[in-house]
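Open the model in your viewer and keep the selection panel at hand. We will go from stop to stop, picking something and looking at what is there.

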Amino acid sequence: MSTVNLRHDLILADDNIRLREGAGRGLSIALLGLGALLTVLAVLGAVAGDALTARTALFALHTGFILSVAFPLTALVLVMIFHATNAGWSATIRRQFENIASLIWIAVPFFFGILILQAVLTATKGEGGSIPYLWKWMNAAYVEGDPAFEHKRGYLNYGFFLVRSLIYFAIWIGLSFALNSISRRQDEDGDPKHTITLGRLSCIGLPFLAFSIAFAGFDWLMSLDFHWFSTMYGVYLFASCMVLSVALGTLTLITLSSFGKLAVAFTEEHLHDLAKLLFAFTVFWAYIAFSQYFLIWYANIPEETMFFQVRRAEPWTGLSVAIPIAHFILPFILLLPRPLRRSRGFISFMCVYLIIIQMIETYWMIRPEVYGVGPWHWLDFVGIVGPVAIFLGLFVAKVASGPLIPLKDPRLHEALKHKNHI
Amino acid sequence: MSAHSVTSSSGAPLHAIMAEFPNPAVVSHAAEKIRDLGYSKWDVYSPFPIHGIDEAMGLKPSRVSFFAGAGAISGITIALLMQWWMSAVDYPMVIGGKPYFAWEQYFPVTFELAVLMTSISAIVGMLTLNGLPLLHHPMAKKERFLRVGDDRFIIAIEAADPKFNADDIRKLLADLGGEHIDEVEE
């Protein structure tokens, strides 16, 4: 029934699964240069401006940091789900997600960069300690006598915060390094036992990964306003960011195949399934985002409604109305028809669109904490795009550095003749 | 009426000519040939769904999703109208200081009704498109046909097909590997 001619020697020919020496180097250097330039601009803007400008720049950089960590982190989730569910169809496309996930180390320099910048700004523009820059609770004078904070003091203190962050980094870097190196070792020796090891590692690692993502969300984002709390914030962050890595991976695969690579290894069928994942995570996001909003709206408790109160009021009203439409209703309708989900052009458009929408939504999650500065300050653009461009530059170099598919995965034949019957 | 203008060897109106096939590969291959010859009124009967048989038979994508979509849209509309009428028009009541028409509060019911109407209309649509329920089918009279529920694959080309010609079809089915070629009376 299958009309695909499965010639393994042709599929595994070097010009099908490897980029030539130096491919993408120009793009990578351009992205890295742009990212570095924009990041430096944002830092300079923070150092040179007044207290409010500095806060704006720091929040923008923080958004950029979260986004450039979210790409590899959610890719790691995806790779581990592929392994844990023994997903044969994903064998040929997995390497690109591994490439994204391998850049998780970027979290460490960015995180400490943000902490150092915050310390410098607080020291130079402290205004008597009344404006702590990013995490308000880090300022002892600010939280003095705050009853809401007294309850959280045991958790929200600088030392424990650092220890927790280091634990997250250890889990993420450890998992991503292990998964990547075992998968690459299989490229060389072709031992099918590695696949079993990867599956076990993923099953054990997924709960740790899930909890560390949730708690990183609590620590780095939710505690920006330490009065506010939402127990589903972790899953909300995860649900919204998942689309980033699915979209970036799909875009990479489409780009590679438009350069004549990955023939048979990446087909319309794989595209269709990736588009289904895009669709699934848009719907999942809508479900989680609405549930969070709904519970807070219903209970109507001041500490909880603060988050939405700020975002529903001017100048954030427009964005708050636009995000559900742009992030759910439009993609839901557009990704529903089967022919559209199998169209390379349309799906690459949707990938870019969803990445941009997700960047705007993360911005909406973080930036309204700076009171008195409306959306779309110039520092927002440089501060967010800077770190993300650095990440993308590193990613392009990573893609070009090795074979584009796992060469000796025992499930390769499954992925090569993968078909969607519905 | 063309169906009844064709008669079987015993003189009764003919419904179809059927042939048995031993396995899914042969029946899929036969379906591809029959599709390419341009027959339109025919069917493949199998004990289980065969991957790729839709394509081999040249079937168009199912239209059940349109029924489902219509059900979803009417479910959303009905639910919102109902709740708006009940809590903002007929018996306005302040609950928890919320507005009379608070869309947030109506969302769960709207979602549930949309899912319910979608599934009901998908089932009704499926039954309608399949021509079900059906009290009797001429094929059911054939002893051999009943084995299609067990381990046999059958192709039947109906007399209603514009290209129907009993002799050609007998020969075609035999060439494609069909066994026990038989007439099915109306």
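Select strand β1 of chain B, residues 14-21, and then strand β3 of chain B, residues 153-158. The two run antiparallel and are paired over 6 bridges. Bear in mind that this is a predicted model. Now click on B:Ala16. Which residue of β3(B) stands opposite B:Ala16? The residue facing B:Ala16 is B:Glu158.

**The whole sheet**

You now have an open sheet of 4 strands, in the order β2-β3-β1-β4, with antiparallel pairing. Look at β2 (42-45) and β4 (179-185) of chain B: each has a single partner strand, so one side of each lacks a neighbour in the sheet. Those two strands are the edges. Next, turn the view to look for the twist. From one strand to the next, the twist averages 20 degrees.

**Helices on the sheet**

Select helix α2 of chain B, residues 24-36. Which strands does helix α2 touch? This helix packs on the sheet and touches β1, β2 and β3 of chain B. The direction of α2 makes about 20 degrees with that of β3(B).

Now pick helix α6 of chain B, residues 166-175. Helix α6 lies across β1, β3 and β4 of chain B. Its angle to β1(B) is about 15 degrees.

**Where the chains meet**

Select B:His51, B:Lys98 and B:Glu104. In chain B, these lose the most area to chain A, and together they make up 52% of what that side buries.

**Backbone stops**

Most peptide bonds are trans, and most residues other than glycine have a negative phi. Look for some exceptions.

- Select A:Glu314 and A:Pro315: a cis peptide bond joins them, with omega about 0 degrees. A:Pro315 lies in the loop between α13 (302-312) and α14 (317-334) of chain A.
- Select B:Leu132 and B:Pro133: they are joined by a cis peptide bond, with omega about -5 degrees. B:Pro133 sits in the loop between α5 and β3 of chain B.
- Select A:Leu262: its phi is positive, about 60 degrees, although this residue is not a glycine. You will find A:Leu262 in the loop between α11 (233-258) and α12 (268-299) of chain A.

Conventions
Residues are numbered from 1 along each chain as its sequence is written. Chains are lettered from A and ligands numbered from 1 in the order in which they are written. This is a predicted model: local features need pLDDT of at least 70, side-chain atom pairs count only at pLDDT 80 or more; totals for chains, interfaces and linings use all residues. Side-chain values use heavy atoms; hydrogens and water are left out. Buried area is the accessible area (1.4 Å probe) that two parts lose on being put together, summed over both. Two strands pair if DSSP finds at least two bridges between them. Axes are lines fitted to C-alpha atoms, for helices over the stretch in contact, and angles run from 0 to 180 degrees between N-to-C directions. Contact means heavy atoms within 4.5 Å.
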